Every structure is written in C-alpha cells, then in structure tokens.
Amino acid sequence: MATELLFRDDAYLRTATAHVVAASDRGVELDRTIFYPLGGGQPGDTGLVIRANGERILISDTRKGDALNSVVHVPAPGMPQLTVGETVSLEIDWDRRYALMRLHTALHVMSCVVVAPVTGGNIAPERARLDFDIDMNLLNAEKIERETNALIARAVETETVWITDADLDAQPELVKTMSVQPPRGAGRVRLLKIPGIDLQPCGGTHVRNIGEIRGIRVARIRNEGKRNKRVEIVLSSAAVSG
Ligand SMILES: [Zn+2]
C-alpha cells in the first residue's frame, strides 16, 4: 500500500500523526510518514513510533516496501507489535536527519565543482562521498574545499521541481543542463534545483538554503579503482538545527 510521503513536500517535519495500515515481522507500514526510506545513497531514518498509551517503538531503519511509494518502518529487536488501525505519533531522529540533509545537499554542490562523471556516492550522518571518473591528478582537496565553500556561501534557496516526461521531451536543452540524466518512464521526475549552481533528478531530502550547510572539509581523496576516485567530505562546523 502506498504511503503519503510527507518528507517530499517538507523535509523539516520532525513529528506527525499517522495510522498503522500493515504490521508484520518485516516492519510497520503507515498511511503517511516523515521517515525517509533508504535510497539514492541516503540512509533510512531512525526515530520513534509512539502509541496512544505512550508506549515507544524504537525504529532502527526505514526501507522501501514492495509497492510503489510504500515505506516499511523497521523496529529495533524486541519491540511490541503494532495493531492495524491504531493511531500513532511519529518522531524522527532529527539531529541525524538534519546532518544527512546538510551533507546530501553539500554533495549536490560539490558535484558542480568537480567536473567529471559521478560513478558512485554515499551519505552517512558523519561523512559523505562521491566517486568520480577522473584522473587523480585533477583532484585537489584544498581547491575542492575552497570552491565548494564559496558556492555554499552564496546561501541560495533550493527548489524542488516536478517535471513530466512530456516536458522533458519538449525541452531537450533542460536535460543538457542537468548533471545527471533523469530516469524516463515513471511519468514525472522530481528535480532538485539550486539556482545558478545545480539541477538534477533527486528524490532525497535537502536543506532549504544551501547556507545551512555552513561549510565542508575534504576528509580524504582515494583511488578506489579505474573509474572511482573517491572524494569524502565532512561538515566543517556544527550547525544549530532549525
Ligand atoms: Zn539530492
């Protein structure tokens, strides 16, 4: 069953109420959720599902379900089973998610500083990385850091844009400006736009203003294979969330 994905319209929702629509050994499905499921290099959210009687179910991971847009909330071992139909409150681990949002958006910015095909990527709460198909000699940590931080300092607002396959076909020049080619066939595609900096298809959660990233540091650059030169970044300063 499809879940209403509240984080798609507002990545800053920390709490919400929902109804349980399915509960199995695999996890809990709700009619709506603020929990982002693992995908696109961004890990699934952790947090709490709180029952009407105050009982707290610890959620240790969130995954996509079998149906389109379905989300499975995975409880930590030993948690009580929820009942279909019951009303629950949701609470995500906001500090962890906000760090993921800042690092995720930072990767969008960095992908415009390193001009090369992206061959991989991953985001964790403490660090994030992109792999590039590029010559190692062209990767300079100090330069990547300086140029990425200069873009972050522009503090521009990010925008989520939905576009249909028909719109894409009608505007081939739009696809040329994207750093990653959009997938076709799903009817419409969600794009993250950082005006003047980046435009690419992405279903993840991002900060509203890239200034919220504050700054990044290149932690290391490593050769992970012929087409994988890995640039790993960390946030250079702690931000006060919200
Ligand atoms: Zn993204």
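**Pockets and backbone**

Author: This is a predicted model. The second largest pocket has a volume of about 220 Å³.

Reader: Which residues are closest to the centre of the second largest pocket?

Author: D9, A11, T160, H206 and R208, out of 17 lining residues.

Reader: Which elements supply at least two residues of that lining?

Author: α1, β11 (159-164) and β12 each do. By type, the lining of the second largest pocket has six nonpolar, five polar and six charged residues.

Reader: And how much space lies in the largest pocket?

Author: About 1200 Å³. Its lining takes two or more residues from each of α1 (6-9), α2 (94-110), β9 (118-123), β12 (188-194) and β13 (198-201).

Reader: Which of them gives the largest share?

Author: β9, with five residues. The largest pocket has 43 lining residues, and G40, P201, C202, G203 and G204 lie nearest its centre.

Reader: How does that lining divide into nonpolar, polar and charged? What are the counts?

Author: 23 nonpolar, 16 polar and four charged.

Reader: Backbone now. What is the phi of N69?

Author: Positive, about 65°, although N69 is not a glycine. N69 is in the loop between β6 (56-64) and β7 (71-75).

Reader: Why does N69 count as partly exposed?

Author: Because its relative accessibility is 30%, and partly exposed covers the range between under 20% for buried and over 50% for exposed.

Reader: What about A155, where is it found?

Author: In the loop between α3 (141-152) and β11. A155 also has a positive phi, near 50°, and is not a glycine. At 37% relative accessibility, A155 counts as partly exposed.

Technical notes: Residues numbered from 1 in each chain as written. Predicted model: local features only at pLDDT ≥ 70, side-chain atom pairs only at ≥ 80, totals over all residues. Heavy atoms only, no water. 1 Å grid on protein atoms, 1.4 Å probe; cavity = no way out; pocket = protein on both sides within 12 Å on 5 of 7 lines; lining within 4 Å. Points joined across faces, edges and corners; volume = space filled by probe spheres on them. Helix = DSSP H or I, 4+ residues; strand = E, 2+ residues; numbered from the N terminus. Nonpolar A, V, L, I, M, F, W, Y, C, P; charged D, E, K, R; others polar. Buried < 20%, exposed > 50% of the residue type's maximum accessible area, 1.4 Å probe, protein only.
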